[in-house]
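Trainee: I have not looked at this structure before. Please take me through how to read its features.

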Amino acid sequence: MAVMLPSWTFFTAVIVLAPQLCAGENSCSIMSTAGSVVELGSSFKVYCTFKCPCKCKRSMCSDHPPSLQGHEVFNSTTVYFNVANITMNKTYSCQCDCPQAPDSCGMDIFTGYAPALPSNISCVYEVQTNDSRTVLCTWDRGRDTFLTTNSSLWVRTPSGQHTPGPVMYAVSRNGADFLSASLAVSGSVQQVSVWVESKNSLGSAESVPINYTLSDIAMPSAPDLSPPTCSSQECLINVTQSVRVETLEIQYRSEADAWTSLPDSGGQATLSLARSISSLRPYRLYHFRARARFKTGVWSQWSADVSSWTKEEAPATEPDVWHVEADVKSLRVYWKEEDLSAARGKITQYTVSVHCPNSGLVFSATLGANAKNCTVPFGVGCGVKVRSCTSKGCSPPAEISPRHKKAKPLQIAHEITDQSSVAISWRKAETAERQAGFVVEWYPEGHKLEELQWIRLGLNDSRALLTGLDPFECYAGAVYAVYRDNAVSGTGFTGVATSQSVPAAVPLVLEKVEGSNVNVSWMQIPRGQRGGCITGYAIYLESSSGDRQVFSVAASEKTYGLVDLPPATYTLWMTASTSVGEGPIGPRSKVKFFIQQAPLVTLPLAAVLISMMVLLLMCLYQSAAVKQRVRTYLQSLLPGKVPDPANSKWAKECVLQTGKMKLQLQWSMSSVTAEDDPILVEVEELPQQSRHPEVPGASSQPPSPSRLSPVSKPTVLLYPLTTYIKSFSHDSSSSNQTSLETNATVDYISAHEPEPEDEEEEEEEEEEFPEMTGFFPSHNFFGDSLEFGGKLTLDAVKINCGEFFLNNF
């Protein structure tokens, strides 16, 4: 504890020192009421006394650089400063602000604690040899005092009835928390009494004495182990001891295992002992250590570790393999790196072979120790075998005969456990008697062949923990039910991500313009910028007029077609979305393109095309075959056949006169009287020739009352044929009907329609004459005509010229 000086002592010192201060070189003197070493958290006063000639301003400061402190005046030469709850070491100074004042004065204040009572005192009696014996004591020094503290060990060794005084031993080892001291003792000493004392400027502390019997705290030195000699499953180790001990304990472990102790070896008759350690595993690095103990006392320190590898053996189990169909004719086989317990040695190579029922061995390969997969040809019924090999041999084969079996899909769910793990769980659709277990595979979307991972589970498992997943990465996979005959049935899952964010980039867009259609394709966003699982794309299309369209595209699509776009300049860009939201729009996704208007056929070009078509048709018409086909086609377009009146029954019964024929009309209800003279018309008769002389017969039909343009087929004229035409008179105003008798001779033919009862008779006449192909001859229409003379009494003569146009094509 800090010692506080009485006030009268301080006043006496000031009165005595004042004359000396006036004669000194310093301008002042400084002192503390608690001294220069104080306890942390204490309060005290610091006084400054200045020399007599100092008439200037006086001040008190603390720390470096000096910081002015508010002081109080004690008298004309002394000022003081109150220090409250000090928490660290401080420096205080006094100054006299005169132009030629002497040097200032100062004082350092140190803070800390008095030493704590030493605790946890422990002593051992170390027996290195029969002649070397030492007592080593350690203790806990307590809290830090922040001051210079001295500790010492006091030892009293009673011998018989004489008890010498205590002997102090200095600290030999000063640790962070514990202190220790050692002392040599002779073999005759049986007991010791020890205690610890600690001192510093603020006080001292002393522990209670502790009495020890040395046989109870005797400890041999640590054993010495030689390097072990090992086979594949056993190691031999030599242990050397400096003194004979009662008990020896040996422990061993592999790299990640806990220490395993051998059974107690009992007393050691000699200073050197060989021990065999069996039931070890092949190709493992084992560590060994040992310790010893007397019949009474404490265990020695552990010896230094010694290590050695056990020898290799051939792998005992087949490797863990899985497969993926690379294409329709090949299979990619994967295998995991085996741990030491399964490999039982250093893997030097892998062998892969494919056997088919009809072809035998179709593929064989030897791969290095770093290989993790192999692509093999594969067909229906074939099997794949994979072996791992060490320098001592190869493992049993892992066989693959993948066959897919139809089964009800599993109900799969996933749960995010942390930033790098996802739990996949499923519910069985049905109980399969021949099912052997499950396989869960997973991989980053789009990188199945490169980064496939899987885990095998038992038949009763329904949950798998996928670890080592990268945040903001989208994973897919499947859960497969594996059967004893190597058949599998799987149910896939997608869209698994431990963390998701908005995509940080945009797809790279490519466009191809084809007329008014645009084929849009794009490249995926880099994996590190997707922000998780892409749920869809949006295509924005904006025309030069400002019209904007948005097209939503599924995440699985890689192309999209825009059809029937009107002519304009377009700007196109894309964005990607996750479950968090839509990504940004960047210049990387914007493209511009132009849709041109389809060219129109101009009128001059149309005229040229029509002229060329007409010219082509005229050239084709010069061919006789083409001309005949056209003529046949045009004839089929003409109206129905019209009977020829010259071949009618009436015409045949008329009396023919040379060059003349006199027709007598029997009037019936006519407005024309019998006394009226008929009008005679000169008719020039022409012979009608057939266009086809080879046709022997000819036929004609009587004209219909309503049609005066008969169409007749050509016939062969055996004699000059005189043709007479019945017609309506243009001069007659009568509307009465007339009837024709076959035995009557009339002057002219009535221009009126026959009575209804005569229509049936005319139909019979039409059936008596075969059809004729034309009325006019096919030769030159304007040739020399044959004149027969004679006159025919008609109201008018009407001639249909359609045959002329037909025959002259």
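**Reading the model**

Mentor: The protein has 8 helices and 52 strands. Keep in mind that this is a predicted model.

Trainee: What share of the 809 residues in the protein is buried?

Mentor: Buried residues account for 37% of them.

Trainee: Among contacts between residues at least 6 apart in sequence, what percentage join residues at least 24 apart?

Mentor: The figure for the protein is 68%.

Trainee: What does V135 touch, not counting residues up to four places away in sequence?

Mentor: V135 touches C123, V124, Y125, A181, S182, L183, V185 and L214.

Trainee: Is T134 buried or exposed?

Mentor: The cut-off to apply is that buried means under 20% relative accessible area. T134 has 18% relative accessibility, so T134 counts as buried. T134 sits in strand β11. Leaving aside neighbours within four places in sequence, T134 is in contact with V124, Y125, E126, Q128, S182, L183 and A184.

Trainee: Now a loop residue. Where is A316 found?

Mentor: A316 is in the loop between β27 (306–309) and β28 (321–327). A316 counts as partly exposed because its relative accessibility is 42%. Sequence separation and spatial distance should be read side by side. A316 and S395 are 79 residues apart in sequence, while their C-alpha atoms are 5.9 Å apart in space. With neighbours within four places in sequence left aside, the contacts of A316 are A342, R344 and P396.

Trainee: How should I read salt bridges, and how many does the count come to?

Mentor: Side chains of opposite charge can pair when their charged atoms come close. The count comes to 12 salt bridges. One of these pairs is E249 with R291, where the closest N and O atoms are 2.8 Å apart. This pair links distant parts of the chain, with E249 in strand β23 and R291 in strand β26, 42 residues apart. E249 counts as buried, at 13% relative accessibility.

Trainee: Which side chain meets R527 in a salt bridge of 2.7 Å, N to O?

Mentor: That side chain belongs to E451. R527 is in the loop between β45 (517–523) and β46 (536–543), E451 is in helix α3 (residues 448–451), and the pair links distant parts of the chain, 76 residues apart. R527 is partly exposed, with a relative accessible area of 23%. E451 is also partly exposed, at 30%.

R527 forms a salt bridge with E473 too, the closest N and O atoms being 3.0 Å apart. E473 lies in the loop between β41 (463–466) and β42 (475–483) and R527 in the loop between β45 and β46, so this pair ties together parts that are 54 residues apart in sequence. With a relative accessible area of 7%, E473 is buried.

Trainee: Which residues are linked with D320 in a network of salt bridges?

Mentor: K336 and R456 are linked with D320 in that network.

Trainee: Last, the surface. Which residues form a nonpolar patch with about 370 Å² of accessible area together?

Mentor: They are L605, V608, L609 and M612. V608 is placed in helix α4 (residues 603–621). V608 has 43% relative accessibility, so V608 counts as partly exposed.

Technical notes
Residues are numbered from 1 along each chain as its sequence is written. This is a predicted model: local features need pLDDT of at least 70, side-chain atom pairs count only at pLDDT 80 or more; totals for chains, interfaces and linings use all residues. Side-chain values use heavy atoms; hydrogens and water are left out. Patches are made of residues with over 30% relative accessible area and no salt bridge: like charges are joined within 9 Å, nonpolar side chains (Val, Leu, Ile, Met, Phe, Trp, Tyr) within 5 Å. Accessible areas come from the Shrake-Rupley method with a 1.4 Å probe; for residues, only the protein chains shown count as cover. A salt bridge is a side-chain nitrogen of Lys or Arg within 4 Å of a carboxyl oxygen of Asp or Glu. Helices (H or I, at least four residues) and strands (E, at least two) are DSSP runs, numbered from the N terminus. Buried means under 20% relative accessible area, exposed over 50%, partly exposed in between (1.4 Å probe, protein chains only). Contact means heavy atoms within 4.5 Å.
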